[in-house]
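Here are my notes for someone opening this entry for the first time. Have a look at the sequence and the model, then read the points in order.

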Amino acid sequence: MAETPPPDLFDSRYAVSKRTLRVDAFMNQFIKAGGIGIILAVFGIFIFILLEIIPLFQGAHVKLEREIETGVQHPIVLGVDEWSEAPFLLDQEGVLHFADLGEESAPGGDMSQLGPRGLFTQQLDLPEGFAISAWQYHQEGNQILLGSTDGRLVLVTIEYEPDFSDPDHRVIRPTASLDPIDQLGVAGAPVIGLDFYDGPNGRLIAVVQEQGDTRPFNVTAFSRRRSLFGPGKLSPVGEYDLTEKIPGTIDEVLVGGSGNTLLAVNERGQVHYFRLQDKKFPLEQVFEPFGDLKSPGIATANWLLGSTSAVFTSPSGAMRIFSVARDPEAGVLRYQQFHELSDLDGAADLYARSLRNRAFMVAHGDEVSLRYATTASQRWSDTLDFAPTQGVVGSGYGDMFLVGEGGKLLKFDIKDPHPEAGFTAFFGKIWYEGQPEPQYRWESSGAGDEFEPKLSMMPLIFGSLKGTFYAMLFAVPIALLAAFYTSQFLKPRYRRVVKPMMEIMASLPSVVLGFLGALFFAPLLEYRFPSVLMILVLLPTVAFAIGILWGYLPLRFRILIPQGSEFFYYIPILLVVAVIGWYLGPVVENLVFTVKDPATGQMVGDFTQWWPQVTGLEYNQRNSLIVGFMMGFAVIPIVFTISEDAMSSVPPLLKSAALALGASRWQTAFRVILPAASPAIFSSLMIGLGRAVGETMIVVMATGNTAIMDPNIFNGFRALSANIAVELPEAPQESTLYRTLFLGAMVLFIMTFIINTIAEVTRVRLRRRYKSIG
Amino acid sequence: MAATPEISATQEPPSGASTERRHVKPPAGEGFVWLTAMGLAFGIIMILGLLALIFVKGVQTFWPRDIHVVELVDDSQFTLQGSSTIAGSISDERVKRVPSGQILAEGEKEAREYQFFVGNRDAYGLSFLYVDADDIASWEEPESIMQAERIGWGDSIFYPVSLTLADGSTLPADAPEFEARLHALIDTAAERREEMRHINRGEIGHISQQIVEKERRMRVLREEDGLEASAPEMQELQAELDQLQQESRQLQDEVAQVRDRNDQEQLTYRVITGEERTEPISDLIKVWKPNQMGFFDKLAWFGGDFWSFMTEEPREANTEGGIFPTIFGTVVLVMMMSAAVMPFGVIAAIYLREYATQGPFVQIVRISINNLAGVPSIVYGVFGLGFFVYFLGGTIDDIFFPHHESSVFKSGGILWAALTLALMTVPVVVVATEEAFASVPSGLREASLACGASKWQTIQRVVIPAAAPGILTGLILAIARGAGEVAPLMLVGVIKLAPSLPVDATPPFIHLERKFMHLGFHIFDLGFQSPDSEAAKPMVFATTFLLIMLVIALNLGAILIRERLRKKYAYGSF
């Protein structure tokens, strides 16, 4: 066709016009490209969502950014400001060495480049003869508590002030202020261990000293009066000598919680847990984190963010995290092992926690790793060419600093946007802080920086399946019965009306169903559940009874109702039965579902109270029953239409043959048509299932949206789809929550895609089989 | 093809053949047949019941209800601010759950209670009141009681006392021309309101838009070119800015004058508790005396109310007024969606049916597309947010609007919503269109090709016209799905109260980046986010009624077209 014959042979008017050919060729290519493009674009959804969730499963990337020689030989503390611009090292003599890193990242790749102020020092104005023997650095407030060889204490606070006087360059100016603390514990004895809490309401200081063979252990609590003019003066509220309560010698103390928790570690590896309540400091519990190991000693003990979970390492390198939770039997707070992480090669040499999440850095020798407590996972690890002695994690888990020998200060950049994510976090049971046991839990956001996000998909998947289950339970019998009747017994005349009517049901917007469910049916059901129950019991019973009796009626009555229009006469009967059931409900309630009225002592019929009393389960107004019922409106028409189509397209040959052999209409339908169409019925159920799993608005509106895993029909749930609709509008772009919700969408996508594919394949096969019969 | 119910009918032996009637055994399984009939009956009751419910509730919203003046028994606890007389319309009647500790009178099983709409939220602090039926001593429907729809505080129910006119004179309620004057004044006030609105929205809005634009230009000049405030360009802009602000102030003064004039005429009325209140006429939208109305009066009133519901803008956090912006938003959204989905769906279907080599691969693609129609809508919403809003929108903002303070396209808008819905409905259109192409007899194609038409000419002039009704069915189904869908829209740009419509008279007329209101979301928002859900309920039912009507009309259209199509091809093949 493309070749035009030479004009001298044929008259050119027989030739196809060039324009037609060109248009044809163009359209051919255009439609091919467009068609393939559109199909690819539709599948691109899958790929795009996949790309969004991949970062959730990636570990941390750590990159060396700066390398600065400070020349500080034996630093005891490494600290950093919140901008990570002026880290400092404190040496034994009480000199603070600051390094000005400047605002920008290292220019020109020069890793030793410093800001305009370079290295600068500040001598702490320590009291006369104060020789530092113990120290504790708290990064939150940039505070260092120093203890001296003669038993004195000084609290150093380093304040960083951003200075904007030069509009082009912001400068961070550190100042150190000292707050000498009155004599605590035993006068004159050297301090060997200490920890403190300094908050808006008070202060708690724990000091371990050395006095001959004993180690006196004293704790002092202060309270701070708050006035209108800022924090007021501190006044001591209690001094506690806890020396006697701890056998052996104390190695380490940790002050945690909001200044009311004290953990003391002795050399035998026992941790003593004290809790301040009503101005008393009783010993609550003694536990051995490594009691089951050969050497049960504890090498290091440190808090995680929030100071309720402690990370312990043993001398052999085992690492366990203990946290406090209420013991469900005893009803008291106890420390229990929550997580066990992979072993280090030996005791941790340094530990630094992140101030934004439950990540921390540990190092043993030259092995450094970043770990995440909640999921007990290792985010990153590397072998460095030196053994760091000090470390700190800065700018909200954005970078970290290490100090090597000779005072070499290294700054690493951490790229780990989703440390709390991971396969375990989404699909595993996790023991979260404050919970009595490991569980699947969804709680994506909470108050405060110390909130531990709980991102398990399991309660959501469970919720989706629960809603689907109750919807199918209600919808499938009705849909299948109706489809069976419509395709086999109904007069074709009625069928032309009935089918579109049921299809209209499919088009009811789910927001309408959700609204009716939540604001109309839920209050009704709460009040009249027994009535609904009666209707649900009576309807099929009456229908079945009528059906059986009908067959025994003399023929002269039976021919009064023509075959194929039974349903028509059923409608008034059902309505009457429903009304009877409605009024029977309260009667039944007063007979069966009675509870004792606490005020009068009378027995009162009240299902909403009876249910929790008898089963111990909750009763909520917006519950799964409502969802099941409303979702029925969405599922029934789908199942009905598809299975009806399938049953009516069974080759008529089969039906004729069965009837000719003397089978009754029921026998024909039940034994011949039903088996032939069963794959298509299965497929219709699958498609209905797919619709129910992904239904969003009904679930958002008609359930309480609490993410609980409880099959109880009378409480709500939170489905995957509802979870996305509720949380995604508030989730910041590319945050962990955002990506996790994409993961939820992916799970939903895959679930429905698999269900639909099964259905579709079954249907295609069946169609082929019918072709061969017909 | 003889397998019809007639055969099964003949199974029952003719009555004459049997010696005695009672010996006729029923065919096996008749009971089961009746059981299956119940399934169908139940389904039909479900759908009809639901539609009837929505219809009744929706119509009730606009039907003027009688106002009852109710005298309570002496020691009743349901008094209205101490007054034992209550005036209101019955909005609900229900059986009450007896609170724990309260024993009912002998022989009584349950207590009935009425929910009265008493209005006057400003006077009573509530607008609904539950009263036990037993506590009501007497009912009365006085003719002179009046109900008013107001701009704020919901409806009011009262006895009119007098009118204060602009010249300071008063007109008592028993004067014969009172009602006519009241209605005339309300109409005048409405005109003035319209005038103020016109100035506020139109002229002042236009000027403030220019002011924003000028300020932005100044900022750009300062930042990019480093111009000082004294540079001539800057000063010129500054002068223009001052000029505009001056004009804006003048217009605002004008509005204030109209408002003052509007506040001069006042209505004094007495609510049922005896309190007298005075309110400017401009606060009233309409007044009526429901107890005087006959059925046809009410019908006419219903029509008027329904019309204003469809054409007016919402007030009072959406619980009063109309829903015009939501209807408009839905229609614009659906039109944009159709414009996007139609070419894509049809091209993909043409490719699949006419161009692609039919084989296992195309079969897989076909099954997958079929499945995509079953992928939950919220997944498309998630994709729309991630891809359209954040990725595409973010890119557009970076390139074209780097100086805007807030994001333009990088936040939900009607374009992104329409594209998301289009993507969601592409599978529906593809499947329907493909089916339509498949049902065009291949003889038609072959005839066309044999006449020398090229492939594209055949498709363009023979296949597409023949399949057009089928394609239309697909589109209508897509529209019906798109119009009722809410979940994905919540992620990509629907909003509870949009300040302006997505299409209006300010250039460039179609504002693709604007957020919009939507019927379905309106239902969700009113029912679940509204501060006073009881007051919002009638509005939700009315909105639901409208949405259902729209969706059902679309679906019925699709079904009808499909039926006609089937008939056409039944004897249209060669």
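1. Is Ser84(A) buried or exposed? Ser84(A) is buried, because its relative accessible area is 2%. For that word and its relatives, buried means under 20% relative accessible area, exposed means over 50%, and partly exposed is in between, with a 1.4 Å probe and protein chains only. Ser84(A) sits in the loop that runs between strand 2 (75-79) and strand 3 (88-91) of chain A. Helices (H or I, at least four residues) and strands (E, at least two) are DSSP runs numbered from the N terminus.

2. Some housekeeping before going on. This is a predicted model, where local features need pLDDT of at least 70 and side-chain atom pairs count only at pLDDT 80 or more, while totals for chains, interfaces and linings use all residues. Residues are numbered from 1 along each chain as its sequence is written, chains are lettered from A and ligands numbered from 1 in the order in which they are written, and side-chain values use heavy atoms, with hydrogens and water left out.

3. Back to the backbone of Ser84(A): its phi is near 55 degrees, a positive value in a residue other than glycine. Most residues other than glycine have a negative phi. Asn705(A) is another residue to check, with phi near 60 degrees, again positive and again not a glycine. Asn705(A) belongs to the loop between helix 12 (697-702) and helix 13 (720-727) of chain A, and it counts as buried because its relative accessibility is 13%.

4. Now the overall build of chain A. You will find 14 helices and 32 strands in chain A. Its radius of gyration is 37 Å, well over the 28 Å that the globule rule gives for 774 residues, so chain A is more spread out than a compact globule. (That radius is taken over C-alpha atoms, and the rule is 2.2 Å times the number of residues to the power 0.38.) The C-alpha trace of chain A spans about 120 × 110 × 55 Å along its principal axes. Of the 774 residues in chain A, 54% are buried.

5. Next, a greasy spot. Phe46(A), Ile47(A), Leu50(A), Leu51(A), Ile54(A), Phe682(A), Ile750(A), Ile754(A) and Ile758(A) make a nonpolar surface patch of about 750 Å². Patches are made of residues with over 30% relative accessible area and no salt bridge, joining like charges within 9 Å and nonpolar side chains (Val, Leu, Ile, Met, Phe, Trp, Tyr) within 5 Å. Accessible areas come from the Shrake-Rupley method with a 1.4 Å probe, and for residues only the protein chains shown count as cover. Helix 1 (18-53) and helix 14 (736-773) of chain A each give at least two residues to the nonpolar patch, and helix 1 has the largest share, four residues. Ile758(A), in helix 14, counts as partly exposed because its relative accessibility is 39%.

6. Asp343(A), Asp345(A), Asp366(A), Glu367(A), Asp382(A), Asp385(A) and Glu405(A) gather in a patch of negative charge on the surface. Lys and Arg count as positive and Asp and Glu as negative, with His and the chain ends not counted; the place of a charge is NZ of Lys, CZ of Arg, CG of Asp or CD of Glu. Look for Glu405(A) in the loop between strand 27 (399-403) and strand 28 (408-415) of chain A. Glu405(A) counts as exposed because its relative accessibility is 57%.

7. Salt bridges come next: a side-chain nitrogen of Lys or Arg within 4 Å of a carboxyl oxygen of Asp or Glu. In chain A, Arg215(A) and Glu210(A) pair up at 3.6 Å, N to O. Arg215(A) is partly exposed at 21%, and Glu210(A) is partly exposed at 32%.

8. Chain B has a salt bridge between Arg197(B) and Glu313(B), whose closest N and O atoms are 3.5 Å apart. Arg197(B) lies in helix 4 (residues 178-225) and Glu313(B) in the loop between helix 6 (295-311) and strand 12 (314-315) of chain B, so the pair ties together parts that are 116 residues apart in sequence. Salt bridges with shared partners also join Asp122(B), Arg150(B), Glu275(B), Arg277(B) and Glu279(B) into one network.
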